[in-house]
Amino acid sequence: MPALFDLPQLPSLPVTGMPDTYPVGRVFCVGRNYAAHAAEMGNEVDREAPFYFTKSVFSVALSGQTLPYPPGTSDYHHEMELVMAIGAPAFRVSYDAAGAAIFGYGCGLDMTRRDLQAMAKEKRRPWDLGKDVEGSAVLGPLTKGFLPTSDVPITLDVNDDTRQDATLGEMIHDCQAIVADLSRFYHLRPGDVIMTGTPAGVGPVQPGDHLIGRIEGLAPVELRIGNPE
Ligand code: MN
């Protein structure tokens, strides 16, 4: 039967060195995965287990675009993150088996309406208005064969000023631990991407700002902030 209307086409990420793209189905995000960032937000970290929130796949934007400053906020923040892309089904997998489920990695920005997230925390409400913002999951190209070792630098520059500067070794829960834990709750499958949390140094952006996030060994993620609609 014909559909009443068409939904927007789902995003698909370029893969370095491959002709095919990686279609995105779900976006999971890890909270408080770097101790220094948790501290700057006034939060305790949980070393026992990660926690998660999600973004709609319709919040994904490909790297390299200019996107309008979003509605409903006056404190839109950057969060630079390592992104994992799942390449094989994973359900209740062990730490050691988790690596085989990872297709590749990329750079991503978990853009956040910080004022709305803070209000939600204060009122013990869900984070959706703060986190599931249209255009807020900015994803760079994926790379296969990358190893997220502890010495790999992760940085974010805003207008050539470095705001976030850490290493992947600062992650409290590493990539295999995240996949193993998340697979206790979801049937992970190809198309699932996981944003693994941000290091310290998050802060507000303004219209006209140019953001570029880098992780050594991966293609960078880039975003320009446009005027509000
Ligand atoms: Mn984040």
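Which residues does Thr155 touch, not counting residues up to four places away in sequence? Met80, Gln164, Asp165, Ile212, Gly213 and Arg214, where contact means heavy atoms within 4.5 Å. This is a predicted model, so local features need pLDDT of at least 70 and side-chain atom pairs pLDDT 80 or more, while totals for chains, interfaces and linings use all residues. Residues are numbered from 1 along each chain as its sequence is written, and side-chain values use heavy atoms, with hydrogens and water left out.

**Thr155**
- Thr155 sits in strand E12 (residues 153-158); strands (E, at least two residues) and helices (H or I, at least four) are DSSP runs numbered from the N terminus.
- With a relative accessible area of 17%, Thr155 is buried (buried is under 20%, exposed over 50%, partly exposed in between; 1.4 Å probe, protein chains only).

**Manganese site**
- The ion's protein donors are Glu79 (OE), Glu81 (OE) and Asp110 (OD), 2.0 to 2.1 Å away; donors are N, O and S atoms within 2.8 Å of the metal (3.2 Å for Na, K and Ca), and water is not among the atoms, so sites may look incomplete.
- Along the chain, the donors follow the spacing E-x1-E-x28-D.
- Glu81 is buried at 1%, and Asp110 is buried at 0%.

**Salt bridges**
- There are eight salt bridges in the structure, each a side-chain nitrogen of Lys or Arg within 4 Å of a carboxyl oxygen of Asp or Glu.
- Glu79 pairs with Arg114 at 2.8 Å and with Lys131 at 3.2 Å.
- A salt-bridge network links Lys55, Glu79, Asp110, Arg114 and Lys131.
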